[in-house]
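The following note is intended for a colleague who is meeting this structure for the first time. Please read the points alongside the sequence and the model.

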Amino acid sequence: MTRQEYLEQLGKNLSSLTNDERQEAISYYSDYFEEADNDEEIMKELGSPEELAKTIAAKLANGLAKSKTSQNDSDSTEEKTQSTYGHLFYSFDESQVRNLTLTFSAAEVVAIPGDFYAVESQGLAEESLIVRLASNGSLNIYNNKRVNFNFWSHDRQDKVVPRILVTIPRGAVINRLKINLGAGSFEAKEMDFSFDEGHFEVGAGNLNIGKIQGRNAAFRCGMGKLSAQGIFKGTTNVDCGMGNIVLNINDNEADYSYDAKVGLGQVNFNNQKKSGFLKYYCPSKKDNHLSINCGIGRVEVNFSD
């Protein structure tokens, strides 16, 4: 691997950072290579781009923390860190969480795999982010106010870019999962967890989630874009208005059936194209079934066993 290839891979694995933070990290390690002038030895020292990216993200996640307190009330138990820089951090042990609800009205969110549940925000007021763990094991993370994303303005007083980072344990088993995104973006490409019942909904934003396994999932998209990769067993409901839904299923197509209702939009089921005003009913419904409704948007389902 060349130096350039290494730095490019590093950048791709730093998706949990802001653009400014990512560029700063790339610039730092580019100079590091330049000063050492021995690319092979530096790569051995730093490890793989993936390993280095995890180290960088972990350092940035904890770099702003000033003080730590514990909050305990009748409906939640959480570890919380807050600093004078508008940095909030909540963490929960995997054994505490059974259900997970993530609701963001307008936010830029990145979710990454880790060793425990956590939510971190930077550049947001405390009242703009609600984090609660109920006694029944339901963890709710809710952004209840619109975030001001005008951080490129010349009038900006600091360099803290609003963002939310969510960590989900690797291999976690979630009974009920709900992800609702109004506007903004939600990137969760490297996930590794399973759920018994899942609900994913996008208004005008962009939701991208990958490497998950679940049953009885529902995908809804208004005007935005929703992309998901993984294995989806049982009945999967897909509702698309004016937006775009892409499901990449890592399973055998022969084990799945589907039906479709299409308005002015288009449905592609592994190269089987359905468009125009029509209703398609499968001749034999299988245990794994997709029920697709598409208005004037586009739904694409791909299989790769």
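**Notes on the predicted model**

1. A nonpolar surface patch is formed by Met223, Met242, Leu264, Phe277 and Ile296, with about 630 Å² of accessible area together. Patches comprise residues with over 30% relative accessible area and no salt bridge, where like charges are joined within 9 Å and nonpolar side chains (Val, Leu, Ile, Met, Phe, Trp, Tyr) within 5 Å. A salt bridge is a side-chain nitrogen of Lys or Arg within 4 Å of a carboxyl oxygen of Asp or Glu. Areas follow the Shrake-Rupley method with a 1.4 Å probe, and for residues only the protein chains shown count as cover.

2. This is a predicted model, in which local features need pLDDT of at least 70 and side-chain atom pairs count only at pLDDT 80 or more, while totals for chains, interfaces and linings use all residues. Residues are numbered from 1 along each chain as its sequence is written, and side-chain values use heavy atoms, leaving out hydrogens and water.

3. Methionine 223, one of the patch residues, lies in the loop between strand S12 (217–221) and strand S13 (225–233). Methionine 223 counts as exposed because its relative accessibility is 57%. Exposed means over 50% relative accessible area, buried under 20%, and partly exposed in between (1.4 Å probe, protein chains only).

4. The protein chain contains four helices and 21 strands; helices (H or I, at least four residues) and strands (E, at least two) are DSSP runs, numbered from the N terminus. Of its 305 residues, 45% are buried.

5. Strand S17 (residues 266–269) is covered on both faces, with Gln266 and Asn268 buried on one side and Val267 and Phe269 on the other. In a regular strand, side chains alternate between the two faces of the sheet.

6. S17 pairs with two strands: antiparallel with S18 (residues 272–275) over four bridges, and parallel with S21 (residues 298–303), also over four bridges. Pairing requires at least two DSSP bridges between the strands. Phenylalanine 269 has glutamine 272 of S18 as its bridge partner, and valine 267 has valine 299 of S21. In the hairpin of S17 and S18, with two residues between the strands, asparagine 270 takes a positive phi near 50°.

7. The largest nonpolar core has 58 residues, and Phe104, Phe186, Phe193 and Phe200 have the most contacts inside it. Strand S9 (residues 172–188) supplies the largest share of this core, seven residues. Such a core is a set of buried Ala, Val, Leu, Ile, Met, Phe, Trp, Tyr and Cys residues joined through side-chain atoms within 4.5 Å. Contact means heavy atoms within 4.5 Å.
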